[in-house]
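These are my notebook entries on a structure that I consulted for the first time. I set down what I looked up, in the order in which I looked it up.

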Amino acid sequence: MASKQQNDLSDSDGSNEFESNMQVDQKTCQVSEAQLTCLYERLTANIYDYDAHVGIIAAMKALGDLEALRQARQTMADIFPLTEAIPLWKMYLDYVLEEYSESLKDGTNWLSTDQVQKICSAARKATDHHYTKIDSSFENVEKMRKMFLDRLKQPHQEIDKTLESYSPFESQYNQKEYFERLKLATQICNKTKKDQKYCESLERKLEQSEYSLDAFNAYLSFEKKQANGGNIKFIQTLYERALSLHCLDPTLWNSYLIYMTVWDKLPTTLVSIAERAVRNCMTSGPLWCHLLRIKTIARKPRSDVTEDYQRAIRFLSMAGDFQQILAVAMCHCEVELKCIAFDDTYTPDTVRAVFQETAMYLDAITNIDPLAKFQRFWAKAEEYFFKDVSTARNIYHIVVKRVPFLTEAWLEFVQFEIISFNSRHDNISKARSLLKQAALQNTNAPEQIYEQWIEFERIRGGLDTLYEALDKIHVLQARLAKKRSVVENEAEAHSKRAKIEEAIHEPSQEPHAGKLPGSLAEYKVINNSMAGNMVYLSKLSQNTTESTILKHFGVYGQVEDLFMQPNEESGELEAFVEFSKAELVRKIVLDGPISINGTVVTPCRCRPSQMVWDFKQHEEKTKIYVSNLSPQMQKRQLRHIFSEFGKIREIRLQNRKTMAFAYIDFEKEVCFVC
């Protein structure tokens, strides 16, 4: 039987096999020779007898005569339109695939894979131009509808023709909802054409702006507003176009990575983009953080992530940006914590060791503020990830001792104790004790401490403890109000004196040395050519940090440099703040005394000890030239890096679009060992 069926697919005419098969299968099928003869007679009488064609095809299928079946199918395809023969193609393919499966089961393999592929290819080729009919015959109308609508959502030149093709499709298969569906398709088409026109205008703006970064950002913003994040491939291409011109802009890389991480999520693509980002912007902390997180998502080996972290620290240390160093260090600890859930090589002990090493490193290179922020993060990790309440409490104790003026640190510590009480780890009295200690400290926001204490006693305490808190807070508020009143009175008196002196000198309108309004006549003489742009602050509180000073004076304008040091005679903390313009210094001094960490400070102008420098008369042995710096480099970062070689007298920094360079002048000749 197998050999005979195999011959059925040969090039013979199949007449003898047809008669033989009729006799062999006559008992198993319901088709007799007389019935088959009757069907052929009907076709002879009327070639357009559709039922006769179908009957013959069904009979050939039942008899297993593939050659006769092919001829019958071809005869019907020649007589009737192809759309009528599509169900028969389906019947034919079903039969071939069934026979192929049976031949594999019984081991005869009389029907080869190549033969089946040729038959399927012939069916596909014969019905290529009638895909709507094919899909309807296979009950895939919804699939075809989705294909049309998706196509209408994509801009293309023949979008109107696509809409015209969609109309007869719906009228044939869904007449009841024809108008509603056609209306929806028309709306989609109109929106696509409108968006296409807007995109064309954005392209023109790109060209007019000479492909500026702002024009690219506007284009990207529009595309991202589309449904489901927009066309991912198109937006990715748009980002790549922008990066080909603005590859040194870290904000563009940051936006690109965030978008692709949310919408693309392909690890290999994300890792490639992140590595390119840090190669172009090596001093960008956020980009290094993206690289560490993305490699963790991609399940890269721990050694790879650690190596990237060390590279990041090396580059950022050269730039001297402590805030970015802190961000990358915290990100490294963050990914270490996340990996505990899916990587056995990460254990609480190994991750805790990473926290300890990071804390030691930050303690060695930064001031108090960044380290305190990291330690607060560490305390939260001990509490939530490691469930070690005792260690977390010890870390919080260290933090509030380091930064007793930081309200946020005290409130976090209090909240930690409250949560610990709810978890039955400790007693609520610890939280109350912390609030009392915080209220007595000279914090930067005492009102928040008072408010939290009262709220705590209302919910957690009794009426007696509430009134005790109210009594102590009342005393502290009175003391704080008195202290602030003194500062305000001094500032007001200073302002009045300044106005009086200014009024006295105003009629002359002739500039005289020392005849300046108010405290503008007072100077701090320093050996620095940029002294005219600098403010001198003396007798600062020992708790004062760079961030505190920047918070007070950053509102006046751009701060170019800031350095703090103990006074050589009294040992009191003093600071020099350099601004981009001399006018800002004048305004700060005229505004009078200010309160910094509870200490009244009077800003003073600076004046250079030399008004003219003649560099040609002596060899500059104390000055060095530093090149290939990051465009984001700041003077205080250079001061931190080079101060270990000697006391710095002056830094002259020149920033350009793609790089920066600086001249650093020391008070004494120094020797650099490379």
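**Entry 1: a pair of strands**

I began with strand S2 (residues 534-540) and strand S7 (residues 604-608), which pair in the antiparallel sense over two bridges. Within this pair I found valine 535 opposite arginine 605 of S7. I note here that the model is a predicted one.

**Entry 2: the sheet around that pair**

I then asked in what order the strands of this open sheet run. Five strands form the sheet, in the order S1-S7-S2-S4-S3, and the pairing is mixed. Strand S1 (523-526) and strand S3 (559-566) stand at the edges; each has a single partner strand, so one side of each is left without a neighbour in the sheet.

Helix H26 (residues 546-553) lies across S2, S3 and strand S4 (573-579). I noted that H26 runs at about 135° to S3.

**Entry 3: a second open sheet**

I turned to strand S9 (residues 648-655) and strand S10 (residues 660-666). Their pairing is antiparallel and extends over seven bridges. S9 and S10 form a hairpin, with four residues between them. I looked up two of the facing positions: isoleucine 648 stands opposite phenylalanine 666 in S10, and asparagine 655 stands opposite alanine 660 in S10.

The axes of helix H14 (residues 250-263) and helix H16 (residues 285-297) come within 9 Å and cross at roughly 25°. Angles under 35 degrees count as roughly parallel, which makes H14 roughly parallel to H16. H14 passes H16 in a left-handed crossing. On the H14 side the contact is made by Pro250, Trp253, Asn254, Leu257, Ile258 and Thr261, and on the H16 side by Pro286, Leu287, His290 and Ile294.

I then followed H16 to H18. Their axes come within 9 Å and cross at roughly 10°, so H16 is roughly parallel to H18 as well. Among the contact residues I listed Trp288, Cys289 and Leu292 of H16, and Ala327, Val328 and Cys331 of H18.

**Entry 4: the nonpolar cores**

Which residues of the largest nonpolar core touch the most other members? They are Trp253, Val328, Phe355 and Phe374, in a core of 94 residues. Helix H18 (residues 322-339) provides the largest share of this core, 11 residues.

Leaving aside residues up to four places away in sequence, phenylalanine 374 touches Leu326, Met330, Cys333, Phe355, Thr358, Ala359 and Leu362. Finally, I recorded a second, separate core of 20 residues, which includes Ile56, Ile57, Ala72 and Tyr92.

Technical notes: Residues numbered from 1 in each chain as written. Predicted model: local features only at pLDDT ≥ 70, side-chain atom pairs only at ≥ 80, totals over all residues. Heavy atoms only, no water. Core = buried A, V, L, I, M, F, W, Y, C linked by side-chain atoms within 4.5 Å. Buried < 20%, exposed > 50% of the residue type's maximum accessible area, 1.4 Å probe, protein only. Contact = heavy atoms within 4.5 Å. Pairing = 2+ DSSP bridges. Axes fitted to C-alpha atoms, helices over the stretch in contact; angles between N-to-C directions. Parallel < 35°, antiparallel > 145°, perpendicular 65-115°, else oblique. Left-handed = near helix turned anticlockwise from the far one by under 90°.
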